[in-house]
Amino acid sequence: GERMEKWLGRAGISRHHILVGNIVQCWLPAKRSPSPTGIREPTQAEMKWCWNAHIGPFLDKKNREKTNLMVIVPVGVPATRFLHGIPASKGADKYMGTIQEIELPEVGKNG
């Protein structure tokens, strides 16, 4: 959170002008070898379910037009993989830090 605040500040963007969310909207407790934070990377199935249940409907074209949403910034490998349709077995390095126009996954079409 603090790092993102600094990035936004450097870009001249106020936090109240943006919406921050996660690719998965629920707590994912670590099952094996808990991370220091006690959470783990979401599975592809979990990301698909959450997209269809929460994020996709919120980001549908009507809502984007109503809210004037113009840019989506995936932060981290899971979000980048999901939004670009990259399988979990592949890296997302070539997409990290780039600007690209993409079609958002259709709700209900990816899982």
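How many helices and how many strands does the protein have? The predicted model, in which residues are numbered from 1 along each chain as its sequence is written, was treated so that local features need pLDDT of at least 70 and side-chain atom pairs count only at pLDDT 80 or more, whereas totals for chains, interfaces and linings use all residues. Side-chain values use heavy atoms, with hydrogens and water left out. The protein has 4 helices and 0 strands, where helices (H or I, at least four residues) and strands (E, at least two) are DSSP runs numbered from the N terminus. Along the sequence, the pattern reads α-α-α-α. Of the 111 residues in the protein, 21% are buried; here buried means under 20% relative accessible area, exposed means over 50%, and partly exposed lies in between, with a 1.4 Å probe and protein chains only. Among the contacts in the protein with a separation of 6 or more, 44% come from residues 24 or more positions apart, a contact being defined by heavy atoms within 4.5 Å.

The packing of helix α2 (residues 44–58) with helix α4 (residues 77–84) is described by an angle of about 65° and by axes that are 11 Å apart. For these values, axes are lines fitted to C-alpha atoms, for helices over the stretch in contact, and angles run from 0 to 180 degrees between N-to-C directions. The two helices α2 and α4 are therefore roughly perpendicular to each other, on a scale that counts angles under 35 degrees as roughly parallel, over 145 as roughly antiparallel, 65 to 115 as roughly perpendicular and the rest as oblique. On the α2 side the contact is made by Q44, M47, K48 and W51, and on the α4 side by P78, F82 and L83. By class, the contact of α2 with α4 comprises 5 nonpolar, 1 polar and 1 charged residues, where Ala, Val, Leu, Ile, Met, Phe, Trp, Tyr, Cys and Pro count as nonpolar, Asp, Glu, Lys and Arg as charged, and the others, Gly among them, as polar.

Helix α4 is largely enclosed by the rest of the structure, because 6 of its 8 residues are buried. The buried residues of α4 are P78, A79, T80, R81, F82 and L83, and the buried residues of this helix pack against α2. Within α4, T80 is buried, with a relative accessible area of 2%. A polar atom of the T80 side chain lies 2.8 Å from the backbone oxygen of G76. When residues up to four places away in sequence are not counted, T80 touches P74, I86, A92, Y95 and M96. R81, which also lies in helix α4, counts as buried at 14% relative accessibility. Leaving aside neighbours within four places in sequence, R81 is in contact with E41, I86, P87, A88, K90 and A92. Just after α4, G85 takes a positive phi of about 70°.

V73 is placed in the loop between α3 (61–67) and α4 and counts as exposed at 61% relative accessibility. The C-alpha atoms of V73 and T98 are 9.9 Å apart in space, although these residues are 25 residues apart in sequence. I99, in the segment after α4, counts as exposed at 87% relative accessibility; I99 and V73 are 26 residues apart in sequence and 8.9 Å apart in space, C-alpha to C-alpha. G97 is likewise placed in the segment after α4 and is exposed, with a relative accessible area of 87%. Between G97 and V75, which are 22 residues apart in sequence, the C-alpha to C-alpha distance is 9.2 Å.

Terms used. A polar contact is a pair of N or O atoms within 3.5 Å; within protein, one must be able to donate a hydrogen and the other to accept it, and residues adjacent in sequence count only if both atoms are side-chain atoms.
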